[in-house]
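The paragraphs after it lead through both topics in turn.

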Amino acid sequence: MKNKYADLKCKTPFYIVDEALIIKNLEILKRVSRRTGAKILLAQKAFSMYSLYPLISEYLSGTTASSLFEARLGYEEMRGSETHIYAPAFSDDDFDEIIKICDHIVFNSFSQWDRHKKKVKDTNVECGIRINPEYSEIETDIYNPCFTGSRMGVTPANFISDDLEGISGLHFHTMCEQNSDVLYRTVMEVDKKFGKYLEGMKWLNYGGGHHITRDDYDVDMLCRSIEYMRDKYNLQIYLEPGEAVALNSGFLVSEVMDIMNNGIDIAILDTSAACHMPDVLEMPYRPNVIGSGQPGEKPYTYRFGGPTCLAGDIIGDYSFDKPLNVDDRIVFCDMAIYSMVKNNTFNGINLPSIQLLHTDGTVETIKTFGYDDFKSRL
Ligand SMILES: *Cc1c(COP(=O)(O)O)cnc(C)c1O
């Protein structure tokens with residue numbers, strides 16, 4: 001494949017993040033903040049490439065975390081920005097560290113709030129409760145925080161309105177890769193079910209799942225959704241997108257190691273779905289490959305499989321204009337998000353290096369991995 005990412009002189013497999021594409025996303029996000037006054041945070045669970053945090057801090061207000069370690073990473077690497085955290089539960093030991101570094105702490109239940117509230121009493125930490133508005137348009141349960149029996153957040157029936165002293169905001173997160181029409185309908189549900197508690201509060205956090213940097217995203221509707229709650233209850237609105245920050249700004253470059261046939265042509269790659277793009281198996285989905293079509297669309301179709309011994313380590317079926325050869329390079333799209341943060345060394349497979357393509361065209365090797373990274377975790 002002739003392509004500017006495939007042509008880089010890095011050893012495969014490698015993730016390459018394109019700084020110019022990150023900046024394009026950050027500019028869209030910053031315009032939303034300027035227009036509405038909303039503060040936007042990077043949700044590190046999607047993208048934690050902290051070498052870019054100084055750049056990101058020029059556009060966003062800080063980071064959010066789902067664990068002590070993520071919070072610490074944001075605190076240390078995005079100095080001077082806001083550090084927020086939410087988790088289904090906090091241990092006492094972690095909480096002692098969390099109050100030293102976090103500006104906002106969001107509790108998943110009133111029992112968690114009651115357990116930890118005395119520790120925040122004489123601090124400047126702002127506390128919130130995650131609510132479950134029992135409204136989500138996500139259809140896949142693994143990504144739906146409102147499915148029946150969900151552990152994410154307090155439902156209207158379980159909300160304890162006389163335990164709000166010390167609580168300065170509410171948080172909801174009910175979306176995944178969605179447009180702002182879904183947000184608008186969600187905000188109306190939140191208002192109907194929780195509006196009465198928002199009187200006198202300082203902030204409302206709209207969580208993540210906003211696909212703001214996607215081409216067809218309706219930014220005007222997002223701004224209206226922010227302004228509605230901002231003006232009705234005089235609130236600071238927060239958004240904490242993960243995906244939207246690094247959407248379509250990273251690639252995973254791999255090489256064909258062998259080609260075989262078993263009723264279909266199969267290419268063995270030096271990258272693994274199980275190790276290097278686990279969402280392909282977990283979500284599941286088929287990542288786009290530059291220069292390819294759907295199976296059968298172009299004359300030469302191949303199934304892409306990884307180098308592990310897992311039979312199901314299959315990335316997907318792709319077609320090409322010309323036959324593939326051993327040593328050809330394959331470029332997978334949208335590999336900055338939920339990839340490096342989730343990858344693993346299952347089967348002793350090495351991790352892809354992390355490369356950064358700067359706006360001036362130079363490539364910086366951020367990190368390479370080796371045997372010690374595998375051994376040191378076992
Ligand atoms: C995952 C998550 C986010 C980020 O979600 P994206 O889909 O990556 O935008 C934000 N907030 C919370 C609480 C999350 O769990």
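The account below begins with the basis of the model and then turns to the ligand and the cysteines.

The model is predicted, so local features need pLDDT of at least 70 and side-chain atom pairs count only at pLDDT 80 or more, whereas totals for chains, interfaces and linings use all residues. Residues are numbered from 1 along each chain as its sequence is written, and side-chain values use heavy atoms, with hydrogens and water left out.

The ligand is surrounded by 13 residues, the closest being Lys45, Gly209, Glu240, Gly242 and Tyr338; a residue belongs to this shell if one of its heavy atoms lies within 4 Å of the ligand. By class, the shell holds 4 nonpolar, 5 polar and 4 charged residues, where Asp, Glu, Lys and Arg count as charged, Ala, Val, Leu, Ile, Met, Phe, Trp, Tyr, Cys and Pro as nonpolar, and the others, Gly among them, as polar.

Several polar contacts (pairs of N or O atoms within 3.5 Å) can be traced here. A polar side-chain atom of Lys45 lies 2.9 Å from a ligand oxygen atom, and a side-chain N or O atom of Glu240 is 2.8 Å from a ligand nitrogen atom. Glu243 contributes a polar backbone atom, 2.9 Å from an oxygen atom of the ligand. On its own the ligand has 390 Å² of accessible area, of which the protein covers 92% (Shrake-Rupley method, 1.4 Å probe).

The cysteines complete the picture. A search of the whole structure finds 0 disulfides, a disulfide being a pair of cysteine sulfur atoms within 2.5 Å. For Cys127, the nearest cysteine sulfur, that of Cys102, is 10 Å away. For Cys176, the nearest is that of Cys146, 12 Å away.

Definitions and conventions: A polar contact is a pair of N or O atoms within 3.5 Å; within protein, one must be able to donate a hydrogen and the other to accept it, and residues adjacent in sequence count only if both atoms are side-chain atoms.
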